[in-house]
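User: I'd like to learn how to read a structure feature by feature. Could you walk me through this one?

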Amino acid sequence: MAATAMPLNIPRRLGQREIDLIEQLAHCQLEMTPRQFEAKWDVDRSQIAALCHCSLGNVKRWFRTDDNYRSPTKYHRRYLALSDLYLEHFDRLPLELQ
């Protein structure tokens, strides 16, 4: 007798609350510059690179003051802001987020 395949995961339906939260997140302006993050947290540039999922060379260019300066992308600034929130509020997060 063959076993009937059961779905492993049935997605949860979105209620109005979740739809509203998705809309808010989609338009969220949450950002933190590498300089702001470094001023707040005692991190080195390799740690910033790890948090932003990029190379150390990229991070070093974010701190340059010459023609080799490159601006961090919105993606990188968002990662730093989320990292700041995580570090700041870690103890208040649910266990599954810790």
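Predicted model: local features only at pLDDT ≥ 70, side-chain atom pairs only at ≥ 80, totals over all residues.

**Reading the model, one feature at a time**

User: Where is Pro-72 placed, and which residues is Pro-72 in contact with, leaving aside its neighbours within four places in sequence?

Analyst: Setting aside neighbours within four places in sequence, Pro-72 is in contact with Pro-34, Trp-62 and Arg-77. As for spacing, 7.9 Å separates the C-alpha atoms of Pro-72 and Val-59, which are 13 residues apart along the chain.

User: Thr-65 is in a loop as well. Is Thr-65 buried or exposed?

Analyst: The idea is to compare the residue's relative accessible area with the cut-off, and exposed means over 50%. Thr-65 has 77%, so it is exposed. Thr-65 is found in the loop between helix H4 (56-62) and helix H5 (74-89).

User: How do I read the overall fold? How many helices and strands does the protein have?

Analyst: Start with the elements, then look at the dimensions. The protein has five helices and zero strands, and along the sequence the pattern reads α-α-α-α-α. Its radius of gyration is 19 Å, well over the 13 Å that the globule rule gives for 98 residues, so the protein is more spread out than a compact globule. The C-alpha atoms fill a box of roughly 70 × 35 × 30 Å along the principal axes.

User: What share of the residues counts as buried, and what share of the contacts comes from residues 24 or more positions apart?

Analyst: Of the 98 residues, 18% count as buried. Among contacts with a separation of 6 or more, 52% are between residues 24 or more positions apart. The protein exposes about 8100 Å², and carbon and sulfur atoms supply 56% of that area.

User: Next, salt bridges. How many does a search of the whole structure find?

Analyst: Look for a side-chain nitrogen of Lys or Arg within 4 Å of a carboxyl oxygen of Asp or Glu. The search finds seven salt bridges. In one of them, the side chains of Arg-77 and Glu-31 meet at 2.8 Å, N to O. Arg-77 lies in helix H5, while Glu-31 is in the loop between helix H1 (16-26) and helix H2 (34-40), so this pair ties together parts that are 46 residues apart in sequence. Arg-77 is buried at 18% relative accessible area, whereas Glu-31 is partly exposed at 32%.

User: Which side chain does Asp-66 meet in a salt bridge?

Analyst: Asp-66 meets Arg-64, at 2.3 Å from N to O. Asp-66 is partly exposed with 36% relative accessibility, and Arg-64 is partly exposed with 35%. Salt bridges can also share partners, and here they join Glu-31, Lys-74 and Arg-77 into one network. Another pair to look up is Glu-38 and Arg-45, whose side chains meet at 3.2 Å, N to O. Glu-38 is partly exposed at 28%, as is Arg-45 at 30%.

User: What about the cysteines? How many disulfides does the structure hold?

Analyst: The test is whether two cysteine sulfur atoms lie within 2.5 Å. The structure holds zero disulfides. For Cys-28, the nearest cysteine sulfur is that of Cys-52, 16 Å away. Cys-28 is partly exposed, at 22% relative accessible area. For Cys-52, the nearest cysteine sulfur belongs to Cys-54, 5.1 Å away. Cys-52 counts as buried, at 0%.

User: Last one: is Asp-84 buried or exposed, and which residues does Asp-84 touch, not counting those up to four places away in sequence?

Analyst: Read its accessibility together with its contacts. Asp-84, in helix H5, is buried with a relative accessible area of 12%. Not counting residues up to four places away in sequence, Asp-84 touches Met-32, Phe-37, Lys-40 and Trp-41. For a surface feature, turn to the nonpolar patch of Leu-14, Ile-19 and Ile-22, which together have about 280 Å² of accessible area. Ile-19 lies in helix H1 and is partly exposed at 40%.

Note on methods
Residues numbered from 1 in each chain as written. Heavy atoms only, no water. Helix = DSSP H or I, 4+ residues; strand = E, 2+ residues; numbered from the N terminus. Buried < 20%, exposed > 50% of the residue type's maximum accessible area, 1.4 Å probe, protein only. Contact = heavy atoms within 4.5 Å. Patch = residues over 30% accessible without salt bridge, like charges linked within 9 Å, V, L, I, M, F, W, Y side chains within 5 Å. Areas by Shrake-Rupley, 256 points an atom, 1.4 Å probe, with all protein chains shown as cover. Rg over C-alpha atoms; globule rule 2.2 N^0.38 Å.
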